[in-house]
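Please consider the charged side chains of the model shown here and how they pair with one another. The discussion follows selected pairs in turn.

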Amino acid sequence: MDNSLSYLFITALSYPFIALYNAGAASFRTSQNSRLPMAIAFGSNILNIIGNVFFIFTLSLGVAGAALSTLLSRIISAAIILILLKQPKQDLYIDSYLSIRPEIETITKILKIGIPTGIENGMFQFGKLVIQSTVSTMGTTAIAAQAMVAMLESFACQASIGIGLGMMSVVGKCVGAKEYEQAKHYTILLTKYAWIACFICCATILFPIKQITSLAGMETESAKLAIWLTRIVFTYKMIFWAPSFLPGYGLRAAGDVKFSMITSTLSMWICRVVVTIFLVHTFHMGPLAVWIGMGADWTIRSFIFLARFKSNKWLEHKVI
């Protein structure tokens, strides 16, 4: 088995353990204990880095070593969180894993939320793959610049995504208690916090962007293109990213998952994919076309989600 097949095989083995960890982490978060999953995830990532050094550089296993390190770190994180879930001192704990039996009615309710969300994420990732295949035809300079900007853009919204995940828990509890005004209040409040967090993260990256590209060892032309794109993208991101994503977390928490799925999928494919391909092949705009399409996606999604939020139709769904 060559390295690429080994990598795929070992990576596939890690997915069940990732699922176990995520399920356990969700249980702790619903008990208002988000620090413990964060600490386990942090330790798992440190272990993964150490494992990469050992398997890749000491044992010379290449990409298979990287996958093996990931697998071991995921097994350990899943084992730790499953052990902690059995501790009676937790607000929510499990007496015995062997006594767990599937409850079809509960599973059906979960799937009604999970399937649309999974389709939305799947279509989103597939769309990113189509865009990436388009970028791969632009030459090495554009590819390097696009990769750098995409990585920085993803990093800049992590704090806001964390606030969004917290919003799902808060808004879900408010809707479950039929405190609809509280649900609206916290959706607005946490969206504002996410907006501020996004602004701060973008500004933190924008100011030292030249030093960041220098540390990355980028060639001069790629660095110039990356700096130019980052300044354009982040300026727009500060305004439109938060309202295009954060209200969606509130809608999903209230059970309005189908609307979110349809909106996100159509917006993704029409704006990001179709617009990007059109601008690349018609006007030869290079990687800028990717971000014009993404900016259009953010803008349209912002107005649609905000209109849905103001209509109060998202509060008419019943999850449980």
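Glu181 is exposed in this predicted model, because its relative accessible area of 58% lies over the 50% cut-off. Its salt-bridge partner is Lys184, with the closest N and O atoms 3.7 Å apart. Lys184, by contrast, is buried, with a relative accessible area of 18%; the cut-off for that class is under 20%. Both residues belong to helix α7 (residues 180-206), where they are 3 residues apart, about one turn of the helix.

Another pair is found in helix α4 (residues 104-135), where Glu105 and Lys109 are 4 residues apart and so separated by about one helical turn. Their side chains meet in a salt bridge, at 3.8 Å from N to O. Glu105 is exposed, its relative accessible area being 59%, while Lys109 counts as partly exposed at 32% relative accessibility.

Helix α11 (residues 288-311) holds Asp297 and Arg301, which are 4 residues apart, again about one turn of the helix. A salt bridge links Arg301 with Asp297, and the closest N and O atoms are 2.8 Å apart. Both partners are buried: Arg301 has a relative accessibility of 2%, and Asp297 has one of 0%. This pair also belongs to a network, in which salt bridges that share partners join Arg272, Asp297 and Arg301.

The structure holds 7 salt bridges, among them the pairs Glu181 with Lys184, Glu105 with Lys109, and Asp297 with Arg301.

Note on methods
Residues numbered from 1 in each chain as written. Predicted model: local features only at pLDDT ≥ 70, side-chain atom pairs only at ≥ 80, totals over all residues. Heavy atoms only, no water. Salt bridge = Lys/Arg side-chain N within 4 Å of Asp/Glu carboxyl O. Helix = DSSP H or I, 4+ residues; strand = E, 2+ residues; numbered from the N terminus. Buried < 20%, exposed > 50% of the residue type's maximum accessible area, 1.4 Å probe, protein only.
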